[in-house]
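Please open the model in your viewer and keep the selection tool ready. The tour moves from one selection to the next and says what is there at each stop.

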Amino acid sequence: MLFDWVGLENFRTLFDSSSILGSTFWSVLAWTLVWAFFATFTNYIFGMILSLMINRKDTKAKGFWRFCFVLSCAVPMFVSLLIMRTMLQPEGAVNVLLRNIGLIAPDASLPFFTDPTWARVTVIVVNIWVGVPYTLLQLTGVLQNIPAELYEAAKVDGANAFQIFFKITLPYMLYVTTPYLISTFTGNVNNFNIIYLLSGGDPVTNLSSTAGSTDLLVTWLYKLTIDKQYYNVGSVIGIMTFIILAVGALLTYRNSRSYKEEGGF
């Protein structure tokens, strides 16, 4: 007999918080959602700020500044992540530099990948550096398509810069980029590269657990299937990830202005 029918037994195992796999699932799921939220909206906010600053009328050499920020896109992401991983090691370039200039003790190092909190903040910050140029390009195109008549009419009515931004620019950008935000959030939930290549899911604080502090559902699934051969649990994680993302994306989009007021702008 090569296999046996187990029904929903694997789902029960994964949802049982009293078991090691169950408790690991809920903690990894919580971190995955937190990671996806911050990875999506920090990129969006910083990309928005950069695009607004570069596209101002008073900004000189707009093409040059776009080139500076987009230059990182020319380097393959896996190369950038492996370089950053090397630089942030205890004996990497960053810690050595901080020791040489006296910001940390000669025998100390910042725990970028050895402390759970530091590791999670590190992957979010590095993701900002990697992802902001793509958001910059997206939002630059959106800004250039906002009708100039709207701004002129607002200025004639006496609106200040903050009122123009919150009443015209921001609603227009959110209206156009809502599908982009949903797809970006979905992509970050399954962002295997930046976690696996940068931190490898480390650090592991619980030796009985099969996941590290920065592991997402997708990297945990990879470890379970490749390292542990738990194909049954890995299949359940894949199914649950699909269900969560599909339902979340559908509900979010159908309740957004982009769907309800199609053609409004």
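What follows is a walk through a helix, a surface patch and some aromatic rings.

This is a predicted model, in which local features need pLDDT of at least 70 and side-chain atom pairs count only at pLDDT 80 or more, while totals for chains, interfaces and linings use all residues. Residues are numbered from 1 along each chain as its sequence is written, and side-chain values use heavy atoms, with hydrogens and water left out.

Begin by selecting residues 93-100, which make up helix α5; helices here are DSSP runs of H or I with at least four residues, numbered from the N terminus. Within α5, the buried residues are Asn 95, Leu 98 and Arg 99, where buried means under 20% relative accessible area, exposed over 50% and partly exposed in between, with a 1.4 Å probe and protein chains only. These residues lie on the same side of α5, because they cover an arc of only 100 degrees around the axis, the arc being that of the directions from the helix axis to the C-beta atoms. Turn the view to the face directed away from that buried side, and you will find the exposed residues Leu 97 and Asn 100. Just after α5, select Gly 102, which takes a positive phi of about 85 degrees.

Next, select Val 34, Phe 37, Phe 38, Phe 41, Ile 45, Phe 46, Ile 49 and Met 53, which form a nonpolar surface patch with about 720 Å² of accessible area together. Of these, Ile 49 lies in helix α2, residues 20-54, and counts as partly exposed at 41% relative accessibility.

How many aromatic pairs does a search of the whole structure find? The search finds 13, a pair being rings of Phe, Tyr and Trp (its six-membered ring) with centres within 6.5 Å, stacked if the planes are under 30 degrees apart, edge-to-face if over 60 and tilted for the rest. Phe 37 and Phe 38 are edge-to-face, because their ring centres are 5.4 Å apart and their planes stand at 90 degrees. Phe 192 and Tyr 196, by contrast, form a stacked pair, with 4.9 Å centre to centre and 20 degrees between the planes. Both lie in helix α9 (residues 192-198), 4 residues apart, about one turn of the helix.

Finally, select Phe 15, Phe 25 and Trp 26, which ring pairs link into a cluster.

Key
Helix = DSSP H or I, 4+ residues; strand = E, 2+ residues; numbered from the N terminus. Patch = residues over 30% accessible without salt bridge, like charges linked within 9 Å, V, L, I, M, F, W, Y side chains within 5 Å. Areas by Shrake-Rupley, 256 points an atom, 1.4 Å probe, with all protein chains shown as cover. Salt bridge = Lys/Arg side-chain N within 4 Å of Asp/Glu carboxyl O.
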